Amino acid sequence: MKALMYYGKEDVRLEDVPEPELKPGTIKIHPAFTGICGSDVHLYYDGAVNGGGNSPDHPHPLTGETLPVVFGHEISGTVEAIADDVHTDMKVGDSVVVEAEIACGECPACKAGNYNDCDKLAGIGINGGGGGLSEHIVVPAEHVFPVGDIPLDQAAMIEPFAVAHHAIRAMDPHEGQTAVVGGAGPVGLLIGTILRAKGVRVIMSELSSARKEKALQSHSADIVVDPSKEDLAERVRQETDEAGADLAFDAAGAEPVDHQLLEALKATGGLMVVALHGKPITLNLTKELGFGEKFIRGTMGYANDHPDAIKLIHDRNIDLSTFITDRIKVEDIVDKGFRQLREDAENHVKIIVSM
């Protein structure tokens, strides 16, 4: 079959590789669309940190694979075959998505149900186990979730939707609260969408004109503030009868954003750091956290979020198509995918790829 193979920094190749075989406990899927994640762009241009757990010489401890591996982890597709020992209501032809995380099941985090915090965490389409940028993929049945009538192009966004869902679930928002979201990139927009679906008022902070427009156009925010032109904390106080925001979400990964979000929080409010930070930041813990008894929490990936995320999309009739800014073929992934997301990121939310 054809598959896009990831060899390392700035090296992906569309090649003929053996087609995966159906094994006990697995489901075979024909991928329809695969979303390009920010981590994919990082992998392409910068390479994986320490090989991402595997390299040409060292296999990942969970997948047993060395580079190259099939690329792509935001996967939607249709069921092609189901192993005889898999007991499921799914059938051949059903539309599904793949949960990409692979965990050991043995470490303390896994045993506590927090498999996204696994000591050896791997990713399908990153560390092995096949990938979405191929003609076929075979994955364990527990990684496959039916999406019903959600169009498959939109379904390719359920993986990042689950990331946003997990971060929000951890903060336990309530209807009538106010949240501030820093950054109107893909995850920030999805966070805003989910919060609003739960009855939370969303104030979004963003510098880019194109992304500010997308936040309003997609109804991901009630109010959008440009912090270069307006004091974010002061605007939040104006909108909350001087109380401040109940919750804040860092979807930008930039130190100034975290300071602004902490200042915008009410006493006892909390900041969830969703974005990946490339370097340490400096905080005045007493001034920014102690005074006001505020807290900071982090999040990573998702755990048991796909069923609820899919249900929320159905129940609230959430249209994810508004976040798809381009559809490309796999042979154009470098020029029309990675390069666009690196050089013209403010005009893109999600680029999805088909074979």
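This is a predicted model: local features need pLDDT of at least 70, side-chain atom pairs count only at pLDDT 80 or more; totals for chains, interfaces and linings use all residues.
Local features were considered only at pLDDT of at least 70 and side-chain atom pairs only at pLDDT 80 or more, whereas totals for chains, interfaces and linings use all residues. Residues are numbered from 1 along each chain as its sequence is written, and side-chain values rest on heavy atoms, with hydrogens and water left out.

Helices (H or I, at least four residues) and strands (E, at least two) are DSSP runs numbered from the N terminus, and two strands are taken to pair if DSSP finds at least two bridges between them. Strand E5 (residues 74-82) pairs with strand E3 (residues 26-35) in the antiparallel sense over eight bridges, with Ala 81 of E5 as the bridge partner of Lys 28. E5 also pairs in the antiparallel sense with strand E6 (residues 95-98), over three bridges, and here Gly 77 stands opposite Val 96.

One cavity of 30 Å³ or more is present, a cavity being a set of points, on a 1 Å grid over the protein atoms alone, where a 1.4 Å probe fits but cannot get out. The largest cavity holds about 50 Å³ of space, the volume being that filled by probe spheres set on the points. Its lining (residues with an atom within 4 Å of a point) includes Thr 34, Asp 40, Phe 71 and Leu 133, and E3 and helix H11 (333-343) each supply at least two of the lining residues.

UniProt, in an unreviewed entry, places the feature "domain: Alcohol dehydrogenase-like C-terminal" at residues 186-314; such annotations may be inferred rather than shown by experiment. The span is 42% helix and 21% strand, and its end C-alpha atoms lie 20 Å apart.

Methods
On a 1 Å grid over the protein atoms alone, a cavity is a set of points where a 1.4 Å probe fits but cannot get out, and a pocket is an open set with protein on both sides within 12 Å along at least five of seven lines; lining residues have an atom within 4 Å of a point.
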